[in-house]
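Open the model in your viewer and keep the selection panel at hand.

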Amino acid sequence: MSLNDAVLALRNSVTISRLDHVHYLRVRGEAAYDALDRVCTPDLYVRDGQLLHGLLLDEDAHVFADIYLGCDDEEFFLLAEGPSAPALTDYLRRHTSDRDPPEIEEMGANHKVLGVDGPYAWELLGLILGQETIGLPYLTFFHTDTGICYRAGKTGEYGYGIIAAPDVIDGLWSRCLEVGSQLDVTEAGQDALDQCALENWFFNIRREGRETVTPIELQLQWRVSSRKDYVGSHALARRREEGPKQRLTAFVGGGPLKIGDTIGLESTSVGRIVNAGFSTTYDKWIALGLLDIAWAYPGIDVFHVDRDDRSIPLCSVSPPVINNRSLYLNPQIHSFSTRHEFEFPNLAGA
Amino acid sequence: MTPELKRQIEQREEVLAKVRRMLIDKLHVERTPEELDPDTPIFGSGLGLDSIDHVELVLFLERDFGIRETSVTEGRAAMRTINLLVDLILAAQEGNVVLE
């Protein structure tokens with residue numbers, strides 16, 4: 001399965017993925033809430049069965065991990081991307097051990113995560129876990145007989161994750177392929193998920209997240225509290241006071257773009273590409289760049305990347321560039337088998 | 001910076017400021033304007049606004065910018081982020097009304 005085929009399947013039907021890059025930890029004990037409140041960036045307004053999308057920062061307010069925090073009865077769990085599982089555990093222990101440390105259990109040895117994404121992901125989920133799962137609200141989860149099923153996703157389409165023991169995940173994987181054949185289910189790798197995240201302006205800690213910038217430059221302030229102290233909050237407040245010098249900005253290019261390309265404006269360097277790829281869905285090269293704040297606005301079509309005696313024109317745009325099919329699907333009305341009976345807007349937007 | 005580009009950025013900043021003010025004053029988003037990044041998602045994750053807030057947004061567009069919206073689904077797509085909302089308003093001001 002090529003990258004392009006996997007991306008097109010994710011945009012049009014449903015894909016399954018092994019989310020081995022997602023680390024699963026549980027945090028328990030009377031001090032669990034307070035401890036997590038001291039490290040997680042959002043205000044911890046989370047009820048049983050809900051997920052919160054947040055970050056873990058280092059002391060300089062650079063992003064350390066991209067997290068979902070779940071409140072599960074008397075416990076919490078973290079689904080984290082970025083650091084390795086031992087580094088994540090070490091981070092949590094280091095920053096919560098000063099007073100009444102919680103119990104932290106790394107669950108990776110006996111759990112895996114299966115991802116289900118696509119405009120018809122809900123239909124596949126209904127086939128393998130039961131029709132009652134179809135109405136699962138965004139950023140919530142429930143317990144199945146063998147694990148946890150949550151709804152989140154970083155592709156702009158319906159997205160779910162199933163956490164269970166490795167043998168259960170293997171069984172579900174086979175079952176997805178078997179019953180999902182009627183939905184044209186396709187396997188998607190991390191490269192396809194990353195490409196879809198890029199198309200839909202979902203933060204990718206393995207690309208733009210590697211830059212030594214804060215959530216302010218990354219336009220992730222919606223994920224951080226300005227009302228409480230947490231690791232990195234003081235550095236973040238200082239950066240906010242100084243004012244950012246750069247801002248992550250989306251681009252459409254007139255030719256191949258790659259990470260590290262310098263963004264020019266006339267004869268001046270005004271930024272750098274930090275994520276890029278050819279969008280099969282949009283049929284154009286798309287990129288994210290850290291751009292000098294003075295120019296960090298969409299709709300400017302005079303940027304360029306100069307490489308190999310060639311000048312590639314760049315236009316800043318308002319993301320996401322994809323008009324996701326999932327925006328127009330209602331599980332009570334639509335289904336994969338009747339998809340040709342409906343007219344949907346062009347995926348590549350207007 | 002050319003005068004045209006300067007005007008384009010100023011015009012955008014002006015509309016962005018109005019949209020941020022509306023989100024704070026009318027939709028009770030508990031943030032300062034500087035904390036509302038231009039490409040922040042408006043619904044679901046991001047600012048977490050819901051379908052009731054969407055109605056308020058539609059009223060804001062009609063009242064303050066004369067943009068009439070009859071297609072709720074198309075409206076949702078055009079209002080996914082703060083910047084997309086700004087794009088919509090700027091297009092309307094230039095006579096290129098996206099939704100009517």
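Select strand 3 (51-57) and strand 4 (63-72) of chain A: the two run antiparallel and are joined by seven bridges. Strands (E, at least two residues) and helices (H or I, at least four) are DSSP runs, numbered from the N terminus. Pick A:His53 next; its bridge partner in strand 4 of chain A is A:Tyr68.

This is a predicted model, in which local features need pLDDT of at least 70 and side-chain atom pairs count only at pLDDT 80 or more, while totals for chains, interfaces and linings use all residues. Residues are numbered from 1 along each chain as its sequence is written, and chains are lettered from A and ligands numbered from 1 in the order in which they are written.

Now show the whole sheet of chain A: five strands in the order 3-4-5-2-6, open, with antiparallel pairing (two strands pair if DSSP finds at least two bridges between them). Strand 3 and strand 6 (103-106) of chain A are at the edges with a single partner strand each, so one side of each has no neighbour in the sheet.

Finally, colour domain 1 (3-194) and domain 2 (206-317) of chain A; the bounds come from an automatic or database domain assignment. Their contact takes 26 residues from domain 1 of chain A and 21 residues from domain 2 of chain A. On the domain 1 side, strand 3 of chain A gives the largest share, five residues.

Terms used
Contact = placed C-beta atoms within 7 Å.
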